[in-house]
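Trainee: Please walk me through how to read a structure like this one, feature by feature.
Mentor: Gladly. Have a look first, then ask away.

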Amino acid sequence: MTTSTAAQAGGSPVGTGPATTRAARQGRLTVLRAARLFDGISSALIPDPVVVLEGSRICSVSSGTKAPDGAAVVDLAGATLLPGLIDTHVHLAFDASTDPVGRLAGRRDGAVIQAMTQAGRAALRGGVTTVRDLGDRGYLSLGLRGRAGLPTIVAAGPPITTPGGHCHYLGGAVAPTIADVRAAVREHAARGVDVIKIMASGGNLTPGSRQELAQFPAEVLRAAVEEAHRLGLPVTAHAHGTGAIADAVAAGADGLEHVSFWTENGVDAPGQLIRLIAERRIIVGATVGMVPVPGMTPPPELARRLPGITANTRRLHQAGAVIVAGTDAGIAPVKPHDVVRHAPAMLRQLGFGQAQALRAITSVAVGVCGLAHRKGRVAAGFDADILAVDGDPIADPDALHRVRAVYARGAAVPGAGT
Ligand SMILES: [Zn+2]
């Protein structure tokens, strides 16, 4: 029997020591029982799991055992337990409307914080217990970190961009010089961001910016990465244009967002660049995950490139690149804040198996967020971030949308699964 700690292998009882019994009597232990467990790593589901939560942590995981005396037992019959899902690229400040940029511009900071809180709650109800916010306004996402009732938030603050460049209205525009970009990185570090997001190319949300063009000279991008690494911060680069992707790779960026290999007339992904991304273990944040919304179609310039973008992401996967789902939640109605549950369907089109797709939105994604030591797995010692869905999400991928319950740092999320 596979269990998540060696000590509990063999289906031996768990949590029966004097300390745990005492804790159970005091009502501090919650036990989740279900039909199956996906632990975040193994493709084989564990039958009849017994997951014991103590406060915000998982204290043991076993199979077919008895719950400790006095513990509160939650019996999720027929359900599968999984690690809470992780989206490596969201924008809590965008409200997933048809005009997220205009709506944000029309809100003062207090209203933005309210909207971000609603976005976070919606994510949590949908099973997303950790998000990496790759672009807010005024560093507002930093203040939401650690709030009860919200997902765990990893925050970039306003993305570093150029005057008039992609998402300049979020407040992170600086002149594209080495001195200015280094100063911007230092300011972000001083504010306490967890990651630096830099707009290496233009993007679709910003009229006037060009997706196929680099926004910064290569040496300026390199300086930004150097400065961030000197301060102990990872860097992820928004990069559509093939030249911007190559520059970000050469600059030593830890991650790339979108990676569409966008050119003026189509897409172009040189084999050498694909190999470099895979070899250097640069994280590819694929913009996968979309909720079908009647009447919504991608803009024509994206629609005609989509087959090429999918084919190139598939090549990255075949080359062994690390691919995670960075959905860009919030930027459109097809991208609500719990959209990452829809990523596995698109990951399978890239050649992922379903268990591998589930790892991409749990145990693999968590490393990208710098939280691999405590999230992304259902195992003893890890945070009690757990999603329960009806059915078997490996045999039946749609089961992922049948949310039964969500626990975030040990607390049941109100409104999840009802
Ligand atoms: Zn984005």
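Trainee: Are Arg-341 and Asp-338 buried or exposed?
Mentor: A quick word on the source: this is a predicted model, where local features need pLDDT of at least 70, side-chain atom pairs count only at pLDDT 80 or more, and totals for chains, interfaces and linings use all residues. Residues are numbered from 1 along each chain as its sequence is written, and side-chain values use heavy atoms, leaving out hydrogens and water. Now the idea: buried means under 20% relative accessible area, exposed over 50%, and partly exposed in between (1.4 Å probe, protein chains only). Arg-341 and Asp-338 are both buried. Their side chains also meet in a salt bridge, 2.9 Å from N to O.

Trainee: How many salt bridges does a search of the whole structure find?
Mentor: Side chains of opposite charge can pair when their charged atoms come close. The cut-off is a side-chain nitrogen of Lys or Arg within 4 Å of a carboxyl oxygen of Asp or Glu. The search finds 20. One of them joins Glu-227 to Arg-230, with the closest N and O atoms 2.6 Å apart. Because these two are three residues apart in helix 5 (residues 218–230), about one helical turn separates them. Glu-227 is buried at 3% relative accessible area, whereas Arg-230 is exposed at 56%. Through shared partners, salt bridges join Arg-182, Arg-186, Glu-226, Glu-227 and Arg-230 into one network.

Trainee: Which residue forms a salt bridge with Arg-132?
Mentor: Glu-257 does, and the closest N and O atoms are 3.1 Å apart. This pair links distant parts of the chain, with Arg-132 in strand 7 and Glu-257 in strand 11, 125 residues apart. Both Arg-132 and Glu-257 are buried.

Trainee: What is the strand order in the open sheet of three strands?
Mentor: Helices (H or I, at least four residues) and strands (E, at least two) are DSSP runs numbered from the N terminus, and two strands pair if DSSP finds at least two bridges between them. Here the order is 6-7-8, with parallel pairing. Strand 6 (85–90) and strand 8 (152–155) are the edge strands, each pairing on one side only. Strand 7 (residues 128–133) meets strand 8 over four bridges. Arg-132 stands opposite Val-154, and Asp-133 opposite Ala-155.

Trainee: Which way do Thr-152 and Val-154 point from strand 8?
Mentor: In a regular strand the side chains alternate between the two faces of the sheet. Thr-152 and Val-154 point one way and Ile-153 and Ala-155 the other way, and all are buried.

Trainee: What about the open sheet of five strands: what is its order?
Mentor: That order is 9-10-11-12-13, again listed with parallel pairing. Strand 9 (196–199) and strand 13 (323–325) each have a single partner strand, so one side of each lacks a neighbour in the sheet. Three bridges join strand 11 (residues 255–262) to strand 12 (residues 283–286).

Trainee: Which are the protein donors of the zinc ion?
Mentor: Donors are N, O and S atoms within 2.8 Å of the metal (3.2 Å for Na, K and Ca); water is not among the atoms, so sites may look incomplete. For the zinc ion they are His-89 (NE2), His-91 (NE2) and Asp-328 (OD), lying 2.0 to 2.1 Å from it. Their spacing in sequence is H-x1-H-x236-D. His-89 is buried at 1% relative accessible area, and His-91 counts as buried at 4%.
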